[in-house]
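Subject: Handover of a structure

Hello,

Here is the structure I am passing on to you. My notes on it follow below.

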Amino acid sequence: MKWIELKNGDLINLDAVAVIIAGEKSNRVCYVAERETIAVEIFATHEQAECRMQQLKDLLLEK
């Protein structure tokens, strides 16, 4: 299992996540399971949201 700590300190099990989406205008990163949103991180800027997405990509795509 891969767990990450969200910006607010909550932990999320990435094995339960089906899709991770970065909102282009909302500065949010959404973690979505099969039928519902599990968690949402809200950032002050779009750049911070993009940085978080890059961190997640690096973590999930590591070999």
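**The sheet and its helix**

Three strands form an open sheet in the order E3-E4-E5, with antiparallel pairing. The edge strands are E3 (19–22) and E5 (37–42), each of which pairs on one side only. From one strand to the next the twist averages 15 degrees. Helix H1 (residues 46–60) packs on this sheet and touches E3, E4 and E5, and the direction of H1 makes about 40 degrees with that of E4.

This is a predicted model, in which local features need pLDDT of at least 70 and side-chain atom pairs count only at pLDDT 80 or more, while totals for chains, interfaces and linings use all residues. Residues are numbered from 1 along each chain as its sequence is written, and side-chain values use heavy atoms, with hydrogens and water left out.

Some terms used above need their cut-offs. Helices (H or I, at least four residues) and strands (E, at least two) are DSSP runs, numbered from the N terminus. Two strands pair if DSSP finds at least two bridges between them. Axes are lines fitted to C-alpha atoms, for helices over the stretch in contact, and angles run from 0 to 180 degrees between N-to-C directions. Contact means heavy atoms within 4.5 Å.

**How the strands pair**

Strands of a sheet pair through backbone hydrogen bonds, either parallel or antiparallel. Here, E3 and E4 pair in the antiparallel sense over four bridges. Within that pairing, Ile21 has Cys30 in E4 as its bridge partner.

Strand E4 (residues 28–32) also pairs with E5 in the antiparallel sense, over five bridges. Cys30 stands opposite Val40 in E5, and the bridge partner of Val32 in E5 is Thr37. A hairpin of four residues joins E4 to E5.

The hairpin of E3 and E4 has five residues between the strands. Asn27 lies in the loop between E3 and E4. Most residues other than glycine have a negative phi, and most peptide bonds are trans. Asn27 is not a glycine, yet has a positive phi of about 60 degrees. With a relative accessible area of 16%, Asn27 is buried (buried means under 20% relative accessible area, exposed over 50%, partly exposed in between, with a 1.4 Å probe and protein chains only).

**Charged and polar pairs**

How many salt bridges are there? The count comes to one, where a salt bridge is a side-chain nitrogen of Lys or Arg within 4 Å of a carboxyl oxygen of Asp or Glu. Glu41 forms a salt bridge with Arg52, and the closest N and O atoms are 3.0 Å apart. Glu41 lies in strand E5 and Arg52 in helix H1, so the pair ties together parts that are eleven residues apart in sequence. Both Glu41 and Arg52 are buried.

Helix H1 also holds Asp58, which counts as partly exposed at 46% relative accessibility. The side chains of Asp58 and Gln54 are joined by a polar contact of 2.8 Å. A polar contact is a pair of N or O atoms within 3.5 Å; within protein, one must be able to donate a hydrogen and the other to accept it, and residues adjacent in sequence count only if both atoms are side-chain atoms. Asp58 and Leu14 are 44 residues apart in sequence and 13 Å apart in space, C-alpha to C-alpha.

**Asn13**

Asn13 is found in strand E2 (residues 11–13) and, at 16% relative accessibility, counts as buried. Its side chain reaches the backbone nitrogen of Asp15 at 2.8 Å. Leaving aside neighbours within four places in sequence, Asn13 is in contact with Met1, Lys2 and Trp3.

**The cysteines**

A search of the whole structure finds zero disulfides, a disulfide being a pair of cysteine sulfur atoms within 2.5 Å. Cys30 is partly exposed, with a relative accessible area of 22%. Cys51 is also partly exposed, at 43% relative accessibility.

Regards
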